[in-house]
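Subject: Structure handover

Hello,

Here is the structure that I am passing on to you. Please open it first; notes on what was found in it follow below.

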Amino acid sequence: MGSSLIASRISRNVVRPPDRAWPYGYEGQEALYVLFRSLVLLGVIGFGVGSSCSTLIDWWRGNSIAPLHLEPVALYTALMTALQPQESRVIDGLRHHIDARCSAELGRLVRTEVILTVMPPIHRQGQRPQPAP
């Protein structure tokens, strides 16, 4: 859930124009977010591969392997399944609110662009508007 909140914040920032704090724009935030998310995923995968290789090496050496205890996994799975519909509704409601705000801003921008393209402002008297290309 935390990752999705960070992603929604970054998606709002990406459309912002450059300013003094970010003179080249905010698009780089998305690349950084994807980089760190990928590094976390690689870390989890690396830990899993290292742990499984260590267990296999112990097994090949003839050492006894501890049995798996899946009760915590089952408890976690049941808890996440029970919480998922509620969490999904909260995230969907938040996402809908953000999308509605972004759509309203984009709608105003598109309407302004259409008006200026179809009916460009006339700066001099007697000048006829040129058709849009």
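A salt bridge is counted when a side-chain nitrogen of Lys or Arg lies within 4 Å of a carboxyl oxygen of Asp or Glu. A search of the whole structure finds one. Its partners are Arg16 and Asp19, whose closest N and O atoms are 3.6 Å apart. In general, side chains of opposite charge can pair when their charged atoms come close. Arg16 is partly exposed at 35% relative accessibility, and Asp19 is partly exposed at 30%. On this scale, buried means under 20% relative accessible area, exposed means over 50%, and partly exposed is in between (1.4 Å probe, protein chains only).

Some notes on how to read the model. It is a predicted model, in which local features need pLDDT of at least 70 and side-chain atom pairs count only at pLDDT 80 or more, while totals for chains, interfaces and linings use all residues. Residues are numbered from 1 along each chain as its sequence is written, and side-chain values use heavy atoms, with hydrogens and water left out.

Confidence

pLDDT is the predictor's confidence in each residue, from 0 to 100. The mean for the protein is 78, and 68% of its residues reach 70 or more. Among the elements, helix H2 has the highest mean pLDDT (92), whereas helix H3 (residues 71-118) has the lowest (71). Where pLDDT is low, the predicted coordinates should not be read in detail.

Overall layout

The protein has three helices and zero strands, so the elements are numbered from the N terminus as DSSP runs (H or I of at least four residues for helices, E of at least two for strands). Their order is α-α-α. Of the 133 residues, 7% are buried. The accessible surface comes to about 11,600 Å², and carbon and sulfur atoms account for 66% of that surface. These areas come from the Shrake-Rupley method with a 1.4 Å probe; for residues, only the protein chains shown count as cover. A contact means heavy atoms within 4.5 Å. Among contacts between residues at least 6 apart in sequence, 38% join residues at least 24 apart.

Helix H2

Helix H2 spans residues 27-60 and includes Leu39. Leu39 is partly exposed, at 46% relative accessibility. Together with Leu32, Leu35, Phe36 and Leu42, Leu39 makes a nonpolar surface patch of about 500 Å². Patches are made of residues with over 30% relative accessible area and no salt bridge; nonpolar side chains (Val, Leu, Ile, Met, Phe, Trp, Tyr) are joined within 5 Å, and like charges within 9 Å.

Gln29 is also in helix H2, and is buried at 13% relative accessibility. Not counting residues up to four places away in sequence, Gln29 touches Ile10, Asn13 and Trp22. Arg37, another residue of helix H2, is exposed at 51% relative accessibility.

Aromatic rings

Rings of Phe, Tyr and Trp (its six-membered ring) pair if their centres lie within 6.5 Å; planes under 30 degrees apart count as stacked, over 60 as edge-to-face and the rest as tilted. By this rule there is one aromatic pair. The rings are those of Trp22 and Tyr26, with centres 5.5 Å apart and planes at 35°, so the pair is tilted. Trp22 is partly exposed, with a relative accessible area of 33%, whereas Tyr26 is buried, at 4%.

Regards
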